[in-house]
Amino acid sequence: MMSLVIILLVPCTFGFVLQNNSIRIRQVYQPPAPLWLSHRSSTLEQYQEHDDEETTLSTKQLVTASDMTTKRSKFIRDAVAVTLGLSLLPSSVHAADLQQQQQQQQQQQQQQPKEFVDLGTQAPAPQGEKEFVQLSNGVKFKDMRPGSGEEVVKADSQVMIQVSGRLLNLNGVSFYNTKNNNPDGFGAVPLTIRLGQGEAVPGLEAGVIGMKKGGIRRIIVPPDLAYSKYPNLEPRPMTANDQRALDSVVKNPRRDATILFDVALERFK
């Protein structure tokens, strides 16, 4: 009987011991993670580090781009300021420069004939001088020197004149001067025209009538009696630059094409 009990207990005890050892082994031994799982974890870490680096680089690029935009904007502002003649100095210095420019402009205006200050057909006489005489067609003239003799230029006379033409709208820019007509070096050749034959602009012809030999007369011709309607009549510009200056006014409808002629009558018949 005792032997039977021992035989039955031995397997049970051995089974219990094996079970306890198995539990203990399971608690102590933890099998390593699969190779593919560890490789995946390492790859994810690398991706995360790469993303962090890209984020840092993008941030630096944005900062650099912002700095470049700021510098470019400042450069454009400076360029515009220089182009427009705006001073980048303090306001006090800028005010002094502006005042100096205004003084220079006033001096230039004082040096120019009074007619150039008023850019139109209005031409007030300088102080101490007589007013312009206005004809019925709108031409104005004033004798700067009366001339001599009893005879005067008539509507059908042939005249030889030294003449200069200037643009009132461009502050007296010259587009014609017989002084430049000196081909042989012996003196300026006068402009010879026969009045009433359509050789010269009508305003100039009307302003010359009544002059005496040796006289000097200033004539203001409105656009419709000058080159706006008669671009091919005398006095015609002698150079391409003079022609461009005249065209810049005559061919621009927004500009006043009033002409000022200074005429010196050498002789007539």
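**View 1. N171 sits in the loop between β3 (158-167) and β4 (173-177).** This is a predicted model, in which local features need pLDDT of at least 70, side-chain atom pairs count only at pLDDT 80 or more, and totals for chains, interfaces and linings use all residues. Residues are numbered from 1 along each chain as its sequence is written, and side-chain values use heavy atoms, leaving out hydrogens and water. Helices (H or I, at least four residues) and strands (E, at least two) are DSSP runs, numbered from the N terminus. N171 is not a glycine, yet its phi is positive, about 55 degrees. Is N171 buried, partly exposed or exposed? Its relative accessibility is 42%, so N171 counts as partly exposed. Buried means under 20% relative accessible area, exposed over 50%, and partly exposed in between (1.4 Å probe, protein chains only).

**View 2. A cis peptide bond joins E234 to P235.** Omega is near 0 degrees here. P235 belongs to the loop between β6 (216-221) and α6 (240-250).

**View 3. I259 is a residue of strand β7.** I259 counts as buried because its relative accessibility is 0%. Contact means heavy atoms within 4.5 Å. Leaving aside residues up to four places away in sequence, I259 touches R166, L167, F175, I219, I220, V221, A226, Y227 and L246. G203 is 56 residues from I259 along the chain, but their C-alpha atoms are separated by 9.2 Å.

**View 4. The largest nonpolar core has 32 residues.** Such a core is a set of buried Ala, Val, Leu, Ile, Met, Phe, Trp, Tyr and Cys residues joined through side-chain atoms within 4.5 Å. V159, I219, F261 and V263 have the most contacts inside the core. At least two core residues come from each of β3, β4, β5 (191-194), α5, β6, α6 and β7 (259-268). Strand β7 supplies the largest share, five residues. Which residues does V263 touch, not counting residues up to four places away in sequence? They are I161, Q162, V163, L204, V208, M211, G215, I216, R217 and I219.

**View 5. The largest pocket holds about 150 Å³ of space.** On a 1 Å grid over the protein atoms alone, a pocket is an open set of points where a 1.4 Å probe fits, with protein on both sides within 12 Å along at least five of seven lines. Lining residues have an atom within 4 Å of a point. Points are joined across faces, edges and corners, and the volume is the space filled by probe spheres set on them. The lining consists of Q162, V163, S164, N177, T178, K179, D262, V263 and A264. Strands β3 and β7 are the elements that give two or more residues to this lining. By type, the lining residues divide into three nonpolar, four polar and two charged. Ala, Val, Leu, Ile, Met, Phe, Trp, Tyr, Cys and Pro count as nonpolar, Asp, Glu, Lys and Arg as charged, and the others, Gly among them, as polar.

**View 6. Helix α1 (residues 2-28) has the lowest mean pLDDT among the elements, 47.** The predictor's confidence in each residue, pLDDT, runs from 0 to 100. Where pLDDT is low, the predicted coordinates should not be read in detail. Helix α5 (residues 202-208) has the highest mean, 97. The chain mean is 75, and 54% of residues reach 70 or more.
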